Amino acid sequence: MRVCVLISGRGSNMESLIRNADGYTIEAVISNKPDAAGLRVADGLGVRCMAEPSLDGIRDMMDGMRPDLVCMAGFMRILPADLTERYRVMNIHPSLLPQYPGLRAVEQALNDGATSSGCTVHFADSGVDTGKIIAQAAVQVAPGDTSDTLAARILEWEHRLYPEAVRWYAARLAAEGGEGPAVRGRDRQMIRTAEPERAASHAAEMGVAYVRRDGDSYMISAEKPTVPPYVAVVPGDGVGLALERVRRLAATDGSA
Ligand code: GRF
């Protein structure tokens with residue numbers, strides 16, 4: 001099972017996912033912050049890493065990769081619904097959801113006088129820390145705990161829980177026939193990219209594919225569009241010919 005990890009910061013959960021990868025492989029790490037410390041950690045562990053500030057750019061990267069699972073690990077952006085619907089996405093959060101979603105979850109628990117808190121791995125949708133809960137670990141609040149001491153104890157559990165949840169999902173997929181939802185849905189998949197070169201390489205990779213313009217983007221699909229203009233790419237075209245066709249399309253509809 002191929003996993004892509006999204007980070008924004010230090011990446012300790014990402015590191016734990018990489019070090020404990022068993023039954024899954026970390027295909028790439030993408031950070032929306034070019035200076036995220038986690039990128040250096042991933043690079044040091046030999047994992048392909050990329051920085052991409054925009055969600056559109058991240059969507060393009062995912063469409064190029066088509067991971068079976070996307071793991072948010074301290075990723076500080078909300079993913080748009082088209083991404084959470086197209087890919088299976090997990091997130092880890094430092095509270096026992098549905099309690100204390102959002103920012104400063106550990107502080108929220110302490111301010112609330114909670115006697116225990118913990119962490120949650122859940123499937124992510126386009127809400128803030130919402131989606132089906134997969135696994136939780138509870139941690140007792142100790143007398144004199146500050147948000148730093150409690151967060152540190154919760155983090156130890158996060159590092160165990162996240163790889164376990166990903167291993168569970170990998171096993172579930174393998175039991176179902178080894179193909180993830182993103183892969184299984186490939187034929188119905190629609191890919192959007194602003195770059196003609198990417199449009200051409202996606203289309204060439206898909207075998208039979210149709211490319212049409214949609215505003216500033218190209219939409220690539222296995223299904224024939226109902227409205228022209230569009231171009232078809234067929235097996236054997238290769239990226240070169242596909243690119244010629246895509247460029248021709250851009251000229252036809254006057255957008256290039
Ligand atoms: C973790 O506490 C995680 O639960 C939350 O953000 C923090 C990320 O830490 N979503 P790290 O970057 O994995 O070290």
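Helix axes are lines fitted to C-alpha atoms over the stretch in contact, and the angles between their N-to-C directions run from 0 to 180 degrees. The structure is a predicted model, in which local features need pLDDT of at least 70 and side-chain atom pairs count only at pLDDT 80 or more, while totals for chains, interfaces and linings use all residues. Residues are numbered from 1 along each chain as its sequence is written, and side-chain values use heavy atoms, with hydrogens and water left out.

Helices are DSSP runs (H or I, at least four residues) numbered from the N terminus. The axes of helix 1 (residues 12-19) and helix 2 (residues 37-44) cross at roughly 15° and come within 9 Å. Helix 1 is therefore roughly parallel to helix 2 (angles under 35 degrees). Contact (heavy atoms within 4.5 Å) involves M14, E15 and I18 of helix 1 and G38, V41 and A42 of helix 2. Of the residues in this contact, four are nonpolar, one is polar and one is charged; Ala, Val, Leu, Ile, Met, Phe, Trp, Tyr, Cys and Pro count as nonpolar, Asp, Glu, Lys and Arg as charged, and the others, Gly among them, as polar.

R59 lies in helix 3 (residues 55-65). R59 is buried, at a relative accessible area of 6% (buried means under 20%, with a 1.4 Å probe and protein chains only). Beyond neighbours within four places in sequence, R59 contacts P80, D82, L83, R86 and R192.

In helix 8 (residues 196-206), the buried residues are A199, A200, H202, A203 and M206. Viewed down the axis of helix 8, these residues fall within an arc of 165° and so line one face of the helix; the arc is taken from the directions from the helix axis to the C-beta atoms.

Notes:
Buried < 20%, exposed > 50% of the residue type's maximum accessible area, 1.4 Å probe, protein only. Helix = DSSP H or I, 4+ residues; strand = E, 2+ residues; numbered from the N terminus. Parallel < 35°, antiparallel > 145°, perpendicular 65-115°, else oblique.
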